[in-house]
Amino acid sequence: MTWLKGRRFPPYSFFAVGALASIPYAMQLWVVCSAGVYSDIYGRVGQTSDLSSMWFFMPFFGLTTLYLWRLGRLLNKDVIFSLACLVSVVVISVLDTFFKFPQVHLVGLRIFAFLAPLTIICVLKHFNFPKLKYLNAVLLAFILFGYAYPGWVHRNEYAEPMPPEIISELAALPDGAVVMTDSQREVIYISALTNQYPYLAYGIVSSANNDELIRRFVIVSRIFGWDDAKLHGGSWDGLASTHHWIFHHGAISGAASNEAIDKVVSTMTAFSPCQLLKIYEVNYIRFGVNPPPGLEACTVIRSTHILKVNH
Amino acid sequence: MGFMRGKDLSVLGIFALLGLAFASYDLILLWIGHTHTLVNFQVSDGYRFDEAYMYFAGIGKTILYDPYLKEHAADLTLRPMLPTAIFSLLYWLCARNLDLAIFVGHVIAPLVSCYLLYYIAAQFAGQKKLAVLAVLLAVGHFIFSMLIIVSKLSGKASGGVGGGQIYICLSKYFHTWVCGEILLLRPSLGAYFLPHSPYLSYYCPSP
């Protein structure tokens, strides 16, 4: 703020700190790039232009900048701030146009959504609002309601992530084991709260390439006897579809996603269930009432809902 | 501590109420909902629907969510490094109690964001009421309400998000004509210290 008030250029240490903060991300990008599936991974993220709200922030900051400039006819700190927001939006949009800037959510939603209120008050301070405290009180009441009400709506959705017996069976498996399940909640549970690893992976945080992600889903669909619709983006436990798990925002066309899936399916039709289990490491299979058919030769029952895979 | 320096208890009270708002979601779940854990498994977007499980639950696991990496013995995860470090610190400070860490992350991190916003807004506005207004507009995601209204009027996509607390309240009880794309917000660790709320939880039925 001192820099803005004095309209001075920030000290070089400011930029040095910014550069240092980027090092962890640069390292991560380098490691991901060296893994060889960079394009797949960043393709899943999607592009800013696909879903972002950048189009909205450009005229928004343009109008606030213009209004503030007309008020003062000079570059005061309000104008500089609003102009900086506008320039940032424009730069990101230009970068997106030429380089297909990734990450659709973070830019517009998570940054400018919080900078915009600051430009709003820069404009509003030129008006007289004698009842502002009442407006604030109303907004605060809305916010209280807006957070409490969702809690009320979802109050029973956290009661049990899974049946307790399944949790105890999974917890009894050895650390580091790979567990195949076709329950979306269990994939998440195994990933997050156990020391095992789920057979299926979520594309947005997986370093596997698209082909491998699809292949894993095709294998699971064959083992558990999914219908075509479920594998091809239909309802999967009423939660995110396979399209979203594999491609996230990177393949927004359902037809394109299904085409990629079908291409993999066609290469695996000749495999028996036991052969499918040999493609990627899997140590245990979680099943419902009855074990999936065709696995008798390569698995043994370990517990009520768990098969052990023989290698 | 700008507002403390001025002994302005009204601003402090507003921050206390904001803290209560951030905490209300988890408190309702814990007291009324017979909640097993604050980690949400009704996931439609695992990465940011409730980031808590990404950042907290993976602690102690070298590789989270990725059998590919395990098989290929690569010590690599796509978790962002700085948020992971921040949330790992919170987790350890909460004695590795996952639910407590999530609760603290839901309440304290947004409050820190609110204070930073208040401080910056006070510099711009020069008066506390407008600074408080900036904080409330940010927390209430007021800009999303504007976004969805403008998007409806102009026929442009709203980017998969819309609403904000104000819009949600209006839509809920007045079933406004723009209803159909709003997303119910709820507290989360969100993006670093921003009072961001994940979305993708509840779609308002179109009228």
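**Reading the model, feature by feature**

Trainee: Which residues of α8(B) are buried?

Mentor: They are F142(B), I143(B), F144(B), S145(B), L147(B) and I148(B). A residue is buried if 20 or more other C-beta atoms, placed from the backbone, lie within 10 Å of its own, exposed if 12 or fewer, and partly exposed in between. Before we go on: this is a predicted model, where local features need pLDDT of at least 70, side-chain atom pairs count only at pLDDT 80 or more, and totals for chains, interfaces and linings use all residues. Residues are numbered from 1 along each chain as its sequence is written, while chains are lettered from A and ligands numbered from 1 in the order in which they are written.

Trainee: What is the span of that helix from its first C-alpha to its last?

Mentor: Helices are DSSP runs of H or I with at least four residues, strands are runs of E with at least two, and both are numbered from the N terminus. The expected span of a helix is 1.5 Å times one less than its number of residues. Helix α8 of chain B covers residues 142-154, 13 residues in total, and reaches 18 Å, close to the 18 Å expected. Just after α8(B), G155(B) has a positive phi of about 80°.

Trainee: How many helices and strands does chain B have?

Mentor: Chain B has 9 helices and 0 strands. Of its 207 residues, 54% count as buried.

Trainee: Now the sheet. What is the order of its strands in chain A?

Mentor: Two strands pair if DSSP finds at least two bridges between them. Here 5 strands make an open sheet in the order β2-β1-β3-β5-β4, with mixed pairing. β2 (197-198) and β4 (299-303) of chain A each have a single partner strand, so one side of each lacks a neighbour in the sheet.

Trainee: In which sense does β1 pair with β2(A)?

Mentor: Strand β1 of chain A, residues 178-180, pairs with β2(A) in the parallel sense over 2 bridges, and V178(A) sits opposite Y197(A). β4(A) and β5(A) (residues 306-309), by contrast, pair in the antiparallel sense over 4 bridges. There I301(A) faces L307(A), and a hairpin of 2 residues links β4(A) to β5(A).

Trainee: How is chain A divided into domains?

Mentor: Domain bounds come from an automatic or database domain assignment. In chain A, domain 1 is 2-153 and domain 2 is 164-309. Their centres, taken over C-alpha atoms, are 39 Å apart. Two residues are in contact if their C-beta atoms, placed from the backbone, lie within 7 Å. The contact between these domains takes 12 residues from domain 1 of chain A and 10 from domain 2 of chain A. On the domain 1 side, α4(A) gives the most, with 5 residues.
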